[in-house]
Amino acid sequence: MLFKPKHLFFWLIAGSLLIAGTGYSKSSTERITARFANIKLIVNDQVIQTKAEPFIYNGNVYAPVATVANMLGIKQEWDNKTPAVRFSDPDAKTYDADARVFDTPIGSGLHLLTEKTTHGVYIIEDRLHNVRVPIPTPKEAIGHPTISTPSSSLIALTSPQKQDFVMVQINLDNNDKYLQVLHYENKQLTVAAEVKIEIDPSLRYVDVSVSENTNLIYVNISDEHNVLKEVLVYKWDNGKLVKTGNVKS
């Protein structure tokens, strides 16, 4: 958790209190006196806007549950039958042996997934907003079958709803390879930058890693025996991919 005040209660319905006893619960409506003091919700020095103003009642601060959960990156759902507010960690890794063979949380509720039936074809699942989007095909490879190799690292995280990460995509028809920086924000996945990787076409195996502190991207190229032959180095700089060097073994 990024934000843990000593007394933080979630405001479900103003003036509606849940009274719990042993083995049962009931709801009632009571008139209360609350104090409004222009209370701000702040996470990492950023003021979070909310339509319902937080207030103080009996020495505790009450704030809208959805607003607090969203600003902390926690998934919340209202269960009207119980009733209850259900919270879950959207970054928790899940695995279904019958369906998914790859599930990598990449932060802020985003998961990189591939299905068992489409191995190598990835999608992004946003578990905070229940959204799934496919990885975009490189422009030159549109109309051709492709597979992807993801990096295991983010190269930038500027806000809970805004992320950049790296993929290598391979055109299966001609073995051309493309390095992509993908950008996710407001439920939309776009290509922030894309370059064709110029290497010996006989070298089929590629993986990618990222140095977050320097925004350097390493494209590791191996032969059919998984022997590393070359490392290409790119820098993610002001929204552009710039090749800065290569090392041959």
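Here is a short walk through this predicted model, one selection at a time.

Start with threonine 67, which you'll find in helix H1, residues 65-71. With a relative accessible area of 17%, threonine 67 is under the 20% cut-off, so it counts as buried. Show side chains and look for threonine 50: the side chains of threonine 67 and threonine 50 make a polar contact at 3.4 Å. Beyond its neighbours within four places in sequence, threonine 67 is in contact with Leu41, Ile48, Gln49 and Thr50.

Next, select Leu179, Ile197, Ile217, Val219, Tyr234 and Leu241. These have the most contacts inside the largest nonpolar core, a set of 19 residues. Zoom in on valine 219: leaving out neighbours within four places in sequence, its contacts include Leu179, Ile197, Val206, Leu232 and Tyr234.

Now for charges: the structure holds 5 salt bridges. Pick glutamate 125, whose side chain meets arginine 127 at 2.4 Å, N to O, and arginine 132 at 2.8 Å, N to O. Shared partners join Glu125, Arg127 and Arg132 into one network. Glutamate 125 and arginine 127 are both buried, whereas arginine 132 is partly exposed at 42% relative accessibility.

Last stop: aspartate 176 and lysine 196, a salt bridge at 3.3 Å, N to O. This pair links distant parts of the chain, 20 residues apart, with aspartate 176 in the loop between E15 and E16 and lysine 196 in strand E17. Lysine 196 is partly exposed, at 31% relative accessible area.

Conventions:
Residues are numbered from 1 along each chain as its sequence is written. This is a predicted model: local features need pLDDT of at least 70, side-chain atom pairs count only at pLDDT 80 or more; totals for chains, interfaces and linings use all residues. Side-chain values use heavy atoms; hydrogens and water are left out. Helices (H or I, at least four residues) and strands (E, at least two) are DSSP runs, numbered from the N terminus. Buried means under 20% relative accessible area, exposed over 50%, partly exposed in between (1.4 Å probe, protein chains only). A polar contact is a pair of N or O atoms within 3.5 Å; within protein, one must be able to donate a hydrogen and the other to accept it, and residues adjacent in sequence count only if both atoms are side-chain atoms. Contact means heavy atoms within 4.5 Å. A nonpolar core is a set of buried Ala, Val, Leu, Ile, Met, Phe, Trp, Tyr and Cys residues joined through side-chain atoms within 4.5 Å. A salt bridge is a side-chain nitrogen of Lys or Arg within 4 Å of a carboxyl oxygen of Asp or Glu.
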